[in-house]
Amino acid sequence: MPLGERGGWERSESRYCGVETDFSDDVPSLLSFNISTGGFDYVLAPLMNPSYRPSLVEGKGSETQVLPVSGSDLVLAPSQWSSHVVGKISSWIDLDSEDEVLRMDSETTLKQEIAWATHLSLQACLLPTPKGTSCANYARCVNQILQGLTTLQLWLRVPLVKSDGVSTNATSKDLTDSWELWNSFRLLCEHDSKLSVALDVMSTLPSETSLGRWMGESVRAAIISTDSFLTNARGYPCLSKRHQKLVAGFFDHAAQVVVSGKPVHNLPKASDSNTEGTQRHPLRSYLDYVAYLFQKMEPLPEQERIELGYRDFLQAPLQPLMDNLEAQTYETFERDSTKYIQYQRAVAKALVDRVPDEKASELTTVLMVVGAGRGPLVRASLQAAEETNRKLKVYAVEKNPNAVVTLHNLVKLEGWEGIVTIISCDMRFWNASEKADILVSELLGSFGDNELSPECLDGAQRFLKPDGISIPSSYTSFIQPVTATKLYNDVKAHKDLAHFETPYVVKLHSVAKLAPSQSVFTFTHPNFSTKANNQRYKKLHFNLPSDGGSALVHGFAGYFDSVLYKDVHLGIEPTTATPNMFSWFPIFFPLRKPVEVHPDSPLEVHFWRCCGSSKVWYEWSVSSPTPTPMHNTNGRSYWVGL
């Protein structure tokens, strides 16, 4: 039974809860007890008798031996195997043991069990935790297996531990940061997308910063031992506030909870059996508590539900200068009322500054909307004029002939003929008959300048009065390093260089933000400097928090913040983002080879904005702690056409 129904969570993988079981050669009874009686959605069950060792049966008529699996594939329907069983690979295997017999037995058993799981059409198998810090042979065998898998997913079991580094009784063999173990294993397996992680959640949790790293990793399950539960006032199991927050994070990232262990809470006698009088599952109270946490999740806001399909979905940025936008694209942007409220506020302030109250009835302000689209900025500007009782003359400049048709109809419909003049022309080449007091545009991209706002406004400012106002008056881009396993794997799946050298617009979700964002490029308008140049270069240093441990940087999340006019701003940089605005998702700059960064060695990043005669492009690279190749040299993979 799924954990419950919550607004926006109906299709989330996290609504399923599993239970870890011992080996059983009666799988139908195992399922009946844990699923029908217990209410769990699936079992995490061993596939092979734990006493089995290949070396003990060799030479004793081994060709007639039958593998001691949990039962014939026929004992369950294929759909039951697939939906209700996650295979648990024998926990005794140790592929990096010094003991050659054990090592060979381990390799043979691992391959036999995976082959059996594939035969059963299981969706996933749980790999045991590597026995030591060195796991090269284990990873080699798993990588061999991964090459032949099509649908089966492998979950590597890893304890969720990160010591603070001051423990005195830790031996060299103790695991101080389990992320390091996971990272070395997945690097040895070449970031295979069929390899994920299942975290063993302990009673003691690492720091918030350390936990945050895992939100950018491919965590499929959180295995919570009954020992990790506390006891509430009524004697029932519950989790600490920090554990609750962690579980909520896993739910939000589509990871499933698996309950493990024996019951450790002595529940009131009345709860031992259910209403039908049958024996209640001993772990039912733990499942009920997990379900309670799931049902406590805040329903997703309407806009968030609309955008669910865009989470971690890579999109190429728009090319609004080269391409004409389609009606559907205009409609999406026009629905963003927050953005146009901010523009209306900015225009209203500019009008009041431009024309004092005593001259409001005699002075007419000339306002030009450059890149008018289908007219939302024209409407916002006229509403600002009405609100401030200022007289306005509007020029709506638009290069897309299809949008111009809509503009003409809008002007006729609203009766704006005497106020609004429509100009069907590229703003860079239009010769205006008079100069403007205010120049309004919405040419910003996710990275601020990535849709060529600087080039367009530089070309248009020739028809702005020397003391004229540009809305926006400035904008700044920002970047921050992120762990983003899913995004990296999606780029890697294209198997070419070009996709690693393309920035993508993406609604970031399964990412770990590793350090606060920093500003990159700033542009100010109007810019009457005779040496105006839109090329830029910036070197940035990022330091990871000291208590978080190391992390893998897959690329950089990019944002912008803009000053429309004076104190009216608009932006998506996380710390100052305009609430309830959805016109822009962040941008993602991938790295061809992810970079491992330690808290004691800063990440040094370089970003360039390059301009040619017909295009603008970005180049980027990391120089420390390990250098990466230069990305997108000469705009060979990605550029924005002028």
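Searching the whole structure turns up 21 aromatic pairs. The model is a predicted one. The protein has 642 residues, of which 54% count as buried, and contains 16 helices and 26 strands.

**Aromatic pairs and cluster**

- Among the aromatic pairs of the structure, phenylalanine 447 and tyrosine 618 are edge-to-face, with 5.5 Å centre to centre and 80 degrees between the planes.
- Phenylalanine 447 sits in the loop between strand E14 (436-441) and helix H15 (453-460), while tyrosine 618 belongs to strand E25 (residues 615-624), so this pair ties together parts that are 171 residues apart in sequence.
- The relative accessible area of phenylalanine 447 is 0%, so the residue is buried.
- Tyrosine 618 has a relative accessibility of 2% and therefore counts as buried.
- Phenylalanine 556 and phenylalanine 607 also make an edge-to-face pair, at 6.1 Å centre to centre and with 90 degrees between the planes.
- Strand E21 (residues 551-565) holds phenylalanine 556 and strand E24 (residues 603-611) holds phenylalanine 607, so the pair ties together parts that are 51 residues apart in sequence.
- Both phenylalanine 556 and phenylalanine 607 are buried.
- One aromatic cluster is formed by Phe447, Phe521, Phe556, Phe589, Phe607, Tyr618 and Trp620; the two pairs described above, Phe447 with Tyr618 and Phe556 with Phe607, have their residues in this cluster.

**Packing of helices H4 and H5**

- Helix H4 (residues 100-119) packs with helix H5 (residues 136-148) at an angle of about 25 degrees, and their axes are 11 Å apart.
- Angles under 35 degrees count as roughly parallel, and H4 and H5 are therefore roughly parallel to each other.
- H4 and H5 cross in a right-handed sense.
- On the H4 side the contact is made by Arg103, Glu107, Leu110, Lys111 and Ile114, and on the H5 side by Asn137, Tyr138, Arg140, Cys141, Val142, Gln144 and Ile145.
- Sorted by class, the contact of H4 with H5 comprises six nonpolar, two polar and four charged residues.

**Valine 420**

- Valine 420 is located in strand E13 (residues 420-424).
- Its relative accessibility is 6%; valine 420 therefore counts as buried, the cut-off being under 20% relative accessible area.
- Apart from neighbours within four places in sequence, valine 420 has contacts with Val378, Leu382, Val394, Ala396 and Val411.
- Between the C-alpha atoms of valine 420 and lysine 593 the separation is 53 Å, and the two residues are 173 residues apart along the chain.

**Aspartate 426**

- Aspartate 426 is found in the loop between E13 and E14.
- With 15% relative accessibility, aspartate 426 counts as buried.
- When residues up to four places away in sequence are not counted, aspartate 426 touches Leu321 and Lys399.

**Whole protein**

- Taken along the principal axes, the box filled by the C-alpha atoms of the protein is roughly 100 × 55 × 50 Å.
- Among contacts in the protein with a separation of 6 or more, 79% are accounted for by residues 24 or more positions apart.

Technical notes
Residues numbered from 1 in each chain as written. Predicted model: local features only at pLDDT ≥ 70, side-chain atom pairs only at ≥ 80, totals over all residues. Heavy atoms only, no water. Axes fitted to C-alpha atoms, helices over the stretch in contact; angles between N-to-C directions. Helix = DSSP H or I, 4+ residues; strand = E, 2+ residues; numbered from the N terminus. Parallel < 35°, antiparallel > 145°, perpendicular 65-115°, else oblique. Left-handed = near helix turned anticlockwise from the far one by under 90°. Contact = heavy atoms within 4.5 Å. Nonpolar A, V, L, I, M, F, W, Y, C, P; charged D, E, K, R; others polar. Buried < 20%, exposed > 50% of the residue type's maximum accessible area, 1.4 Å probe, protein only. Phe/Tyr/Trp six-rings, centres within 6.5 Å; stacked < 30°, edge-to-face > 60°.
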